[in-house]
Each structure stands twice: as structure tokens, then as C-alpha cells.
Amino acid sequence: MEEHQEDLASLSDLDEKSLLESLTLRFNQNQIYTYIGDILVAVNPFKYLSLYEKEVSEKYKYHEKSSLPPHIFAVADRAYQSMLGRLGTGPKNQCIVISGESGAGKTESTKLLLRQLVELCRANSQLEQQILQVNPLLEAFGNAQTVMNDNSSRFGKYIQLRFQNSSVKGAKINEYLLEKSRVVHQDEGERNFHIFYCMLAGISPHDKEMYGLLEPTQYRYLNGRSIQDDAVQHWSAKFGEVSNAMDMVGFEEQEKVDMMTILAGVLSLGNITFETTDSDALKVTEKCQGWLKATAGQFGVEAEELQRCLTCTMSVARGEAIYRFHNQQQAEDARDSIAKVVYGRVFGWIVSKINELLTHTLDSKVELNEIAGILDIFGFENFAVNRFEQLCINLANEQLQYFFNHHIFLMEQNEYKEEGIQWETITFKDNKPILDLFLTKPIGILSLLDEQSNFPQATDGNFVDKLNSKFKANPHYDVVRSHCPLFAIVHYAGKVQYNASGFLEKNRDNIPASIRNLFINSVTPLLSVLFSATISRTGTLMPRRANLQVVDDNFNSTRKQSVGAQFKHSLAVLMEKMFVANPHFVRCIKPNASKLPDLVDRKLVMDQLRYNGLLETIRIRREGFSWRPSFKEFAQRYSILLLKPNLPLDKDGCMSILNTTELSGWKCGSSRLFFKYWHQEELARLLERLGKAAVVIQKNYRAVSCRRKFLVLLAELRQQAQQEREEEERRQQHLAEEERNRHLLMEQENKRPVSMPVPLPRMRKPQPRPRSILTGAAQVSHPVPVPRPRSKLLEATPFDNDLNKNADPIKPFGQPADEESAKEKCKKRNNTIRWFKETQVRKVAQNGTFPCWFHGMITRRQAEDLLTDDKPVGCFLIRVGQSREGYTLTYRGANRYRHYMIEMQSNGKYVILGEDRAHSSLPDLVQYHTQVGIKPFMELLTMPCGQRCNHEPDYEEFKAMMAPTVAESNEANVGEAVQEELDPVQLELQRLFLPLGQNPALEAHKPPVLKRMFDRRRRIEAAELECKAGQEAELKGRPIPRLYPSIRLAMREIQQIQQQFSESQEQTCAASHKPLAAWKKKDS
């Protein structure tokens, strides 16, 4: 029974009751994934499950679907294999569509799919970790707590992974319709975007003063709510993750500071209120003057200019400036409009920056056709009050439902009819009329909204009246009788009532030209970039480049596209991408509305099953044919099964192939074949069997071929040995002949008569050689060095980064080295030394010396030798790469050495390859990994490896870089020597005229009371100086907001005003209670 339940298409009794029972039974057993053919149904467990560990991820790599239970990792594996053309189809772009209502678990499913895709194509590069860090970064800026979901995506995203040779080479993110109105207003039980709470909980008190941030209760845009004590730690940890994600992706430190300052300015802007003057004009209230100055400082503009933009609108007519003053409501709308636009631009800039950083290494000349896309878009929403954002969100879900219906029902059944396949039509709920209601020109809802938005005097009530008159007869539109502008749409998921208040203003999304000009001239570069950028037809922010000439986009003209038009166009572009790709569907189900684990609301689940059309989906997956290749495609792919060359690519060829297999249940049409969803895996299994057979044939052929070559070489060696033996015999014969001739000569000599001996000449006494010519050391003959064999401690691992796979094999001893390679090696070494001198020496050196674990530019063998001599497990050192700009951490493990590559990113952060955390310096990296192990073996750094000699450090090449420190110490020594050479009278005068607290001679005669007073004063002064020096050093060593002094003064003014206001309130309360007490006393 359980095996049947894994695929609902195999249920014997197909009805709503059996479908619900199967899903409920699996959910109660913590089996949250179920197949419907090749479609995955995922039920949100609302709790942690051990389904996503590393071991589980490894199991689902290159697996057969029937061999393992249903899982989200299986969908990722199937998409990846299909993209590479390994599952019966040729290489083709893939897209994974994740759908479901809000709170069904779409965002978590997206993260799991992305993680598994990166695991499948892992090439041990930093780009993979950067891609994984995108999700937490976008979550912080684009997700918020709603009534239905604590981590609801308030925007849509389509992530495209670009591949080359099965490895990821880049990524691109398309974002859709950020809910900007949440910045200025949240309904009951909802919150603002996560990033604001992360900032207020995670930023240190000193940085809060730098950015101009106060407690959460001070801000109107946060509804004056405080962060609970148990949530402070959560948001603080979240802020650390966001900061690390920005470092990992590659954001510069100054960009982060500017962005945080702008977000602080958005919060300060919400606290500005207005009052009328004697001339009926508006001005900022006296109580809010501090907030105005703080906002201006955080935005990098003048406070007077910002106030003028908030309280009046300037227009130019015939060269004359005309000012139109705002009323109270218009000024508040202008304030909120600025906050929404600024936050939206910051979010758009983050997405644009991510795309730039994740594709900067791509070669523009190389075309990347292999793309896997993941669509995570906002779920269907039906709140108590539904506004313009809910209308767009539900329209996007209608479009996704149509895409699902088109692929699963419409396109499939139309092909059955065209190909003459006998088929009983399965009816489904077609939502095409609902899409026509929204998108038809010129009388669709969005077209009418744009038309009304073009009239300055039009109201939201006029828009609803127009809808009522046009669509009152439409079955998918309901007229709502109310004094409020309401209307209702019958969506595929149910009837939703919309409140049209604010529809026209949100659709226009205009800001005054004066505001744009003000921010373009801001001293904060990031804000200037945000408002000088162009907006594409899909609403995407496109920052201007210095080397590109961009035409004017008519940002504030009436021809500017509305929000509805941009969203409509972005949906069209998205559908165009998805229709040309091979889709994989994940349908997420929400088990209950209370967000509780182990609880199933049967009515809620049944409603989702009905409007998602899962019952009809099961029927068409069980009875239909999901894979429909043409004759040519099938014959080209599977002709190898017939083992026959020159097979015709037509129907007869396909029949010949299929007759050799044992497949059943397939059908043949007039131009294509029709297969069940499981046929692809069976054919892939046949190809895999042939592939294994081919490997066996290759193995045996190569064995025979190599044996033949070996026998030829062996014969040559034997022949060579025979020739050597013959040559040796000839040589021996020649030597014997010579010996015989010598003996004959000796015999002849002996026969000659003996002559008188002749005295030899007298030998001269040997003269002593000068020592400078030849030393005794030179006479010592050194043995030829023999390389020692490497032990098991020195085996290579996947993390040994210093191994060059493309290097030439080691040449025999005595053979001359290649001069070109030697020159190239020397050049790389010099370039690395120059890089270290120019960019790294100040970061690595501490107090004029390098840390003990830093060993300069030593080789891998030297590093291992240093860690060999009785060093414990966990001993480590860091060395400079000899052929690249970076470092290597050499670590002594339990049974081998490991070499971890340390990369320096474009923003100056240090990252160990494969790690998910960036560090500001090498000492920070070392300190962090003394507490957290290095992945994947989780090895801790325990003890640094010292230098080989205390007097001669290992970094010989870098000694000259420490010359300034040596020079400073020499100057100090010279100063002491000069002081010693001074006249004794001068020294005595200097001693007498020293300040009282610095004269040791007078200190001894000081009374104890005065001594304690002076000691206390000195300690206080020293503490103040140390604190001030620490703050100055901290500010000097890191970026700060552009107008930091103005922000600090404004925040002091705010605090003074609040203190005065609280004191006046206390006095008022005291004064009001005093007469009351007297009256009570008199009455008694």
C-alpha cells in the first residue's frame, strides 16, 4: 500500500476521498512528498525534518526515480539530468515552477532546489557559495510577516542558473512587483520588511549612533512596536547572516554603509509631521525638526530643500517657476511616496548588483545555452482587506495556473486529437476567461486602470464604476454594493473582494521631479545612482554605466509606464521564457491555517486540491502520455539500441527500435510517438546498460591493445638485451685478445738483455696552496640528492589546491629545465610578491611584525616539513601562493595534510574555498576557525606553527617590506643615544620643568592625598583618551556615512526634544494631580 501511495497516479480508487486519505496518511508519517506521475506534491510540515542532510542529498544524485522515496531533491536531479540530455531527450533549457498559496512552503522549497542543483554541478568554486547566499539576502529585503505566513515573500523571483560543461558559470535573478506599500503601512498582525528589525537588533550601539538609529518604538513606520526579548537574538543572528551574505556576494563596505544609512533615513522620514503656518502654508512641526535634519543627513541632502519638496510642488511654465503648496494629506502622501520609492530603488539596486557580481566572470563570446530556472512567486492571497498588490499577486497566480493547465491538459489533449490517438477527453477548470478579464485590450481591468490613471481628476470610485458598467455581465466579476470602492473577482482559487482605495495612485507611482533632482544631487553616491538609473519596461532598475550612453527614459513624463503595465509586460516575458523550456512542477500544499505542525485541516487541504486540479492531474498522468517526441527526435536519440548503422529517421526506424525493447503502453501517432511518464526512465536504463557494455568493450579493447603494445615493447627489450649480450661477448673477446697480446709483449720484453738502472730525477718539495684559492669545504664532494618518497601523510585530497593538473610530468634528474617555464614561474612569483607588497602587507602585519602562523612564500613540501616534526593534530600555517594572488592554509589532520585555498574577493574579504563565511582579515579568519571547523571535515585550528628559526623567519621575500618598522626602531635608538649625549645641566633643567604628574623625582615627595588625586585624574584622562582614540581609530579604519556629523547632531537634538517633552508631560501630570488631591481633601 505504501509503495502505491508514493505515486498517486497508481491509486486503484481515484476520487477525492482516497486522494485526501493518501496525503493525510503520508503526512502523519512525516512523508511530506508525493508524486503524481512526474509532478511533486509537497505538504508544509511546519517543523524541522531530517530529510535534507548531506547523506540524503548524496543519495539523490544520479538516482532512479523508483529506487528512492519522493523528494524535492529528486526534482532537482531530474531537471539537471534533463538539461544535460541524459533522460531520453536532447539538451534543453529547464524550468521548475513552484506554486501554492501563501504559507505553503514555496520559499523553503526554492532554497532546497537551489542547494541541490549546486551540489549536482559542484566544481569547488566560490561562485557556488555566492549563489547560495543570494536567498538569505533577498529574504531579508523582500520578505515580511503576514497573517498567513511569518516569512512571506512580498515579491516574485525567477532564478536562472547558467551552465557550461555541466558546471555553473553564472546566475541571473528577475524580480517582480515588490510590495512597496508595506514600508509605510502594515495591517494588524503584520510587520514591515525583515531588514528593519535585523538592523535595529543586530547593529551595535556605536553603529546605531553612526547611522542615526533609535529604539524600534520611536518609528511610525514600524507601528511603534518593540522587538520582544526572545526575538532580539533571532533578528541579531539574521543580521549577521545578511551582512555575511553581502560580503560573500561581493558588496563593497562603503556600499553597505550607504545602504544602511539610506534605510535609516526611510525610518526617520516616517516620523516627520506637518503643521500649518499663519500664511496657510505647511511646515515641519518644531517637534520633528530633528527628524527632518536626521533624514536630510541620512539622505545626503539639505534639510531646507527636503522640506520644500515635501510641502510644495514646483512646475515650470514659460521659463517661470510656479510653486503649488500641499495640504496636510498631500504632504503626508509625498512623504510616504518618497519612502516607498527609495526602498523600492534600494531593492532593485541589490538585485541588479547581485546579477552584476554573479556574471562578471562570464565570457561574452561564449554562449551558454544550458539554463535551469526556478520560479518562486508570491502565493494566492485572500485577506480581510485586499488591495492593489493582492490583485497583481493573484493575477500572477492565474497566469501560472494557466501555464500548468496548458502543459498538463490543453496542449496534451490537443495533440491526441491531431495525431489520431483514441482518447476520452478529461475536463478541467480552464481559467483563460479570467486572464482575458484582466489582460484584454482595450477593455481589460488593467487597461481601464491605466486609462483612469491618465486623468488627474479621476478617483478610485470612478474606476470601480467603470468596471461595474463594463463587466457586470461577466460570470467572473461580481458587483459589490457599498459606499467604499469595492469589487470582486471569481478566481480559480475562489472569490476575492478587492478594495480599490489607492489603486490609481499606486498604479501611477509618480514622484515629483523636484524630489528626483534633489536625490540625484545627493552627496551619498548610492542614492544619486538610484535616482539617475533608468527603468526598463518590466520595472527593473538599470543603473547607468559611465561608459554607456543611455537615452533619457522620460522618468517623470506622462508617457512613463504604469505599475500595472510594467507587471503585465514582465509576466509576458516570464511566460515566454517558460514556454520554451521543459517544465517541472512542484505543487505546495498548506495543511492548516494556524501554522502548527502535525495538524491537517481536511477542508483547507481539499479546497487546495480542488482548485489546483490535482484530481484531474492524476487522471491525465495515469491515462495520458506526458512524453511525446517526434519520429526524428526519437530515432536520433535511441538508434543506438538497434545496433544498426544508417537507420532511417522515420516511423519505420522508430518501430524497429521499439520492437527490440520490452516497452508496453505506448502509442504511435501520425508524426510522433506517445509515451507514459515512466517510459523515459526505462529507455534511459537501456541506454545506460549499453553505455556500461561499451565501457566493458572499451576496457577489453584497451587491454588487448595495451598488451599488444607491451609485447612489442617486450620483444624490443629482449632484442635489445640480446644485442647487449652479444656486444658484451664481443667486448670480452676483444679484452681477452688484448690480454693475450699484452702477455706476449711481456714475454718478449723478458727475453731482452738486462740494462743498468738509470736514476730518477729528484722530486721538488710541494708548495702550500693559498687558502683564498681553494677552501676545504669546496673539496668535499656532495652526494646527488635523491627525492624521498611521499608517505600516506602526504596524499592529495580534493582540497589540495597547489597541485597543477596541467603541469608537465617531473623531468629526470640531470635533464636541463625548460627556460620558458622557469621564466614564467619567476614572473608569476614576482607578480605575487608585488601584489602582497601593494595590497596585503598592511593587512597581515600586526604591530610591525607578521603573525607566527604566517610563513610567507614557502612551497607545499616546505609547509608539510614544518608540520611534520612532532606537531599535534590541528597545527596549521598560512602561506602565500607561489603562482596566484591568494593564500593557502596548510593543516595537519589525523592521517594526512590538507591544503585549503584562501581567496580574496573583489571587496577585500577573505574566504576559504567551499566555506559560506567571509572575513575582513586573515587574523579574523584564523580566530573564527579556532571555534568553527572548516568544511567538510569540520577541522578546528588548534595551534599555530611557528617559524623554523626565531632569528630567521620563513618570509625571506617580505623582509624588505618591514623596513619602515626597523627604521622607526633605529630612530628611537638614535634618539636615546642623542639624549645620553646631552649636557647633564640640560637634563637636570628638563627634569625640573616637567609637568607635575610626569616628574618622577617630585612624585616621590608628593603627599599621599595629592598622589591619590593625581593618580585618579591620570586614570580618568587616560581612559577618556583611550576611548576617544579607539573610536577615532575605528572610524578611521572603516567607512562612515557621508554626513555623519550632521546625523549625530540631529540625533542629539531629537533626544533633547524628547527629554524636554517627557519632562513637560511629567510636570503637567503633577500639576493636574495636585488640585485633584486638594479638592478631594476639601470635599471630605
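Two strands pair if DSSP finds at least two bridges between them. Strands (E, at least two residues) and helices (H or I, at least four) are DSSP runs, numbered from the N terminus.

This is a predicted model: local features need pLDDT of at least 70, side-chain atom pairs count only at pLDDT 80 or more, and totals for chains, interfaces and linings use all residues. Residues are numbered from 1 along each chain as its sequence is written, and side-chain values use heavy atoms, with hydrogens and water left out.

Stop 1: Select the open sheet of five strands, in the order 24-23-22-21-25, with mixed pairing. Its edges are strand 24 (910–912) and strand 25 (943–944), each pairing on one side only. Next, show strand 23 (residues 897–904). It runs antiparallel to strand 24, joined by three bridges. Pick Met 904; Tyr 910 in strand 24 stands opposite.

**Stop 2: the surface.** Select Met 314, Val 316, Tyr 323 and Phe 325, which make a nonpolar surface patch of about 430 Å². Strand 10 (312–317) and strand 11 (320–325) each give two or more residues to the patch. Which strand holds Val 316? Val 316 is in strand 10. Val 316 is exposed (over 50%), with a relative accessible area of 61%.

Terms used: Patches are made of residues with over 30% relative accessible area and no salt bridge: like charges are joined within 9 Å, nonpolar side chains (Val, Leu, Ile, Met, Phe, Trp, Tyr) within 5 Å. Accessible areas come from the Shrake-Rupley method with a 1.4 Å probe; for residues, only the protein chains shown count as cover. A salt bridge is a side-chain nitrogen of Lys or Arg within 4 Å of a carboxyl oxygen of Asp or Glu. Buried means under 20% relative accessible area, exposed over 50%, partly exposed in between (1.4 Å probe, protein chains only).
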